[in-house]
Amino acid sequence: MRAFEYASPATKDQAVQLLGKAWDDAAPLAGGTDLLALMKDDIFSPKRLVNIKELKELRGIVAGPRQLRIGALTTIQELADHPQVRQRYPAIAHAAEEIAGPQIRNMGTIGGNLCQRPRCWYYRAGFGLLPKDEAGESLVPSGDNRYHAILGNGGPAYFVSPSSLAPVLIALGSTVRLYGPEGKRDLALEKFFRIPQSDADREHDLRSNEIVTDIIVPAATGLKTAFYEIRQKEAMDWPLALAAVALRVEAGKVSSARVLMGHVAPIPWRSEEAEQALIGKAISEEAAQSAADAAVSKATSLGRNRYKIQLARVAVKRAILQAGRGGVR
Amino acid sequence: MADYKWPEAEKRTHLGKSISRIDGADKVSGRAKYTYDINRPGMLYGKVVRSKYARAKIVSIDTSAAEKMAGVKAVHVIIEPGSEIRWAGEEIVAVAAVDEPTAEDAARAIKIKYEKLAHNVIDTDPKAVGDNARPPSEQTVGDADKAFKEAEVTVEGFYGLTSITHCCLESHGSITEWEGDKNLLVHISTQAVSQIAGQLAGPLETPAGNIRVKQDHIGGGFGSKFGPDRWDITGARLSKKAGGKPVKIMLERDAELMVAGMRPPAYARVKLGAMKDGRVVAWESESWSSGGLGGGGSPPIPYVFVVPNQKRKHTAIATNVGSARAWRAPAHPQACLITMGALEDLAAKLNMDPYDLFLKNIDLTGARADVYREEMKIAADLIGWKAKWHPRGDKNAGPVKRGLGLSIHTWGGGGHASDCDITIQPDGSVEVKMGTQDLGVGTRTALRIVAADTFAIPLDSVNVLIGDNRYPASGGSGGSTTIGGISASTRRGSLDALDALFAKVAPSLGAQPADLEAFQGTIRVKSDPSKSVTWKQACAKIGATPITVRGKNPGPGTLTSSGVGGVQMADVSVDVETGIVKINKIVAVQDCGLVVNKKLAESQCYGALIMGVAYSLYEEKVMDVKTGRMLNPNMEFYKLAGIADIGELVVHMMTGKGYDERGVIGLGEPPVVSPGAVISNAVANAIGVRVPTLPLTPDRVLEALEKKGGTNNASI
């Protein structure tokens, strides 16, 4: 790890002042489960670390009647264990408790889960977020892309968004609150993620001197939600595909639907095709299957990742059926 | 002269019992110090600059900036300009500095210019690698062509295992320091405490006798830690340049996975010829393998079953990948999957229960056929084979299919050469000193058991000293030779020491030394057991100078021998919509001659099964064709099994008559041979189609199902 300066501000105003104009100037340190690994691997070496763990206003969960406010420093385990989250937003709790293992869940934060960098093995080997060989040609389409994107994979980005919480939070219509030198900025969480088009871009709509302060989730009353994750190992493993759904059912028919997939595209992938396929139908095997088929109708293989199309389809189908059962896994 | 044999079952006091590891508490509490934990006064940290290219010529190396950095104490060029890099991660330059960050900064400051050369990291297909595929070798046994003509049924299949790494949880490395100009002290993570000095002597131009090697505990080796590595020798050179200061070089995780160990892959197309009753008459195989630049030898196929007519062709592929090292039961897991997979496929084609097909052919296994028969019966009972087995393809509704698989394996495991010193002190305490190591055998515990059992004294009366090459030399821990070697030499030495003690005690008991025996903490007269003294009283007769006796293996009497058989069975579930395989249960029935410590023997088997689950389902050294780099040199994407992934593991050790009289035989390797085959066979039984290549990842499982025209896109 390269030498860095360490700052531990007492307020969020101090914190954002200590962050820099360029990404390499400074980085906020919360749980550090991703940041420190990036630094050890010399993938990202900020000159200064700004410890934000002392910012008490970024902590805690407030479950009000109209919304849930999750402070960015809330640990993943705190989120998974929170009684009101478990009761009112079971799909969020489910997504949280599936993440990695106890060590990561106890250190990793919600803000960090949303802002962590992609796990693309070319990126992690130092070939860049849009990894290229010395001739400038992307390494992914001709390389080993077994874990890469099946949607939104027209290039130049091929990695998959690594957040397991973002899909379910977006399915629930969440907002992310950012804070920078000019004050706060609210964004629909869906708009927070974007597919980089050049080396200058990042995968988040976040400026180098901003921090995530809160996630605001609207009340989920009456919504049927579910989260379904497919991964190979029982713990300490990245999902191969996951789905989160939030459905409103009126008079036995789906009246509104949000269908999100994770780990399949450079951003949490919302499938309007699947949503349209569900609307107006009762939740059934057939409806779930056709929505699942619709969800991957535009998916393409990069060569080694065709199986992920099937996994995404299964995840969507199982999530819909689970939601239909009232979230029973 | 002592009668050099193991005691009869009824006379054993500690031998063969279930006894907990004597250093278990030290290990779980962190008191046990591994090489990684060793920090020496004034120690420097060494870092190695590694090649980012798989093959290249080094044009120039500029170390000037690094040498000028504050805190940098030594720089050593390992590969001179003009030389060729052979694989990504190869060592080029090393630095030693006062702390780790400074060493890393210095390593980054070294400028190396390369001239890139064409490389090959493909080992999956000899047709895709041009000249890197060596001309094939061919072998025949009997008349395969004739036998295939006469065969009533033939079956063809393809089987493979990707290359994997050793992934030692304690990475490779050492702390080296010169004491004066002449003597070198080496703390090293090694499987061969007594062999390291001899191997360092040449490259360091230092007499082996001047090199002291120490290691208390090791965090895994699996065959990858027999010799000093280039980084260890480099550490010694850096230490010399830094005036003898200790230099610590322990590999980072990425280097550990890239260059410090690789199990060669193996792929084979197999054709089997058989009669309708299941008798196998002919084998034909075309196989390929790679072990790095040297290519790779053929696994011993057909495995265990000596098919009377064989035609085999093998191609070695040269790759620019860190060289293969012995991986726990070298070549056996590969041979086992290829052979047992083909037999299971034959059984499916004949619509036979593979249990019956294996039994039908069991005499082809030779000398241990009866052992296998007995073990198969026990394994079948433990897993409920007859009740649970179904013909290939679980017909139950729902996406999760269940299946059973079986496999058999063999190994040698005769004890290696071993010397030890057994000392009986006048106060009754006993010491065993041996230049061996505990690679997981539970060496300290085993030595204590053998000595205490021989002297008929409590276990804690025996102090065991190992892990230092100043103790009598014992073999490296490889080939499952440790337990046989160390227990035999300790038994012989203890018997001789006991004889020496009898000679001192006999006059006071008015008996001949030959008429004495050790019994429950006493020395007594065999012909008149009422005449006895306590162990302590007996030892008081020794006088001021303790008895020290050298125990040796090999030596008189059959205390160790070679050759074991094992049977395993697995019960798995496969989600045919996701391709995810879960282990329900694995049963391992294993013989290893006389068991020294039942608990540790079982523990070896559990460990082997866990390692087996990992290489069957998760582990793969993923090489990038274009860049020649390993893509998963980390613990995120180089996946190992976690506790929740391993299912229920059941171990049954074969002991008693027919086993004990063969003496102590090694156990580290045999139980890791079959897991790949049993899991692959169980998956085939569950889903109705062979998934050809390990690890059985979702992509491979789904691809096999799709080729079968099966359930890939099926509804739930």
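In strand E10 of chain B, His187(B) is the bridge partner of Ile175(B). The model is predicted: local features need pLDDT of at least 70, side-chain atom pairs count only at pLDDT 80 or more, and totals for chains, interfaces and linings use all residues. Residues are numbered from 1 along each chain as its sequence is written, while chains are lettered from A and ligands numbered from 1 in the order in which they are written.

E9(B) and E10(B) run antiparallel and are joined by 6 bridges. Two strands are taken to pair if DSSP finds at least two bridges between them. The two strands form a hairpin with 3 residues between them. In its turn, Gly180(B) has a positive phi of about 70°. E9 (residues 173-179) also pairs with strand E12 (residues 247-250) of chain B. That pairing is antiparallel too, over 4 bridges. Here Thr176(B) has Val247(B) as its bridge partner. E10(B) and E11(B), in contrast, run parallel and are joined by 4 bridges. Leu184(B) stands opposite Ile211(B) of E11(B).

These strands belong to an open sheet of 7 strands in chain B. The order is E3-E5-E1-E12-E9-E10-E11, and the pairing is mixed. Strand E3 (72-77) and strand E11 (211-214) are the edge strands, each pairing on one side only. From one strand to the next, the twist averages 20°. Angles here are taken between axes, which are lines fitted to C-alpha atoms, for helices over the stretch in contact; they run from 0 to 180 degrees between N-to-C directions. Helix H5 (residues 196-204) of chain B packs on the sheet and touches strand E10 (183-188) and E11. The direction of H5 makes about 140° with that of E11(B). Contact between two residues requires their C-beta atoms, placed from the backbone, to lie within 7 Å.

A second open sheet in chain B has 4 strands, in the order E16-E24-E25-E26. Its pairing is mixed. E16 and strand E26 (648-654) are the edge strands; each pairs on one side only. Neighbouring strands are turned by 15° against each other on average, direction ignored. Strand E25 (residues 580-591) pairs with E26(B) in the parallel sense, over 7 bridges. Within this pair, Lys585(B) stands opposite Glu648(B). Helix H10 (residues 369-383) of chain B packs on this sheet. H10 touches E16, strand E24 (564-575), E25 and E26, and its direction makes about 30° with that of E24(B).

Gly563(B) is in the loop between strand E23 (547-553) and E24 of chain B. Gly563(B) is partly exposed, because 17 other C-beta atoms lie within 10 Å. By the rule applied, a residue is buried if 20 or more other C-beta atoms lie within 10 Å of its own, exposed if 12 or fewer, and partly exposed in between, with C-beta atoms placed from the backbone. Leaving aside neighbours within four places in sequence, Gly563(B) is in contact with Arg368(B) and Gly412(B). Cys592(B) is 29 residues from Gly563(B) in sequence and 8.0 Å away in space, C-alpha to C-alpha. Gly398(B) lies in the loop between helix H11 (385-388) and strand E16 (400-411) of chain B. Gly398(B) is exposed, because it has 10 other C-beta atoms within 10 Å. A separation of 70 Å lies between the C-alpha atoms of Gly398(B) and Met1(B), which are 397 residues apart along the chain.

Helix packing was also examined in chain B. The axes of helix H8 (residues 332-349) and helix H16 (residues 675-687) come within 8 Å and cross at roughly 30°. H8(B) and H16(B) are therefore roughly parallel to each other. Angles under 35 degrees count as roughly parallel, over 145 as roughly antiparallel, 65 to 115 as roughly perpendicular and the rest as oblique.

Between the chains, 27 residues of chain A are in contact with 28 residues of chain B. On the chain A side, helix H8 (121-127), helix H12 (285-295) and helix H13 (307-324) each supply at least two residues. H13(A) gives the largest share, 5 residues.
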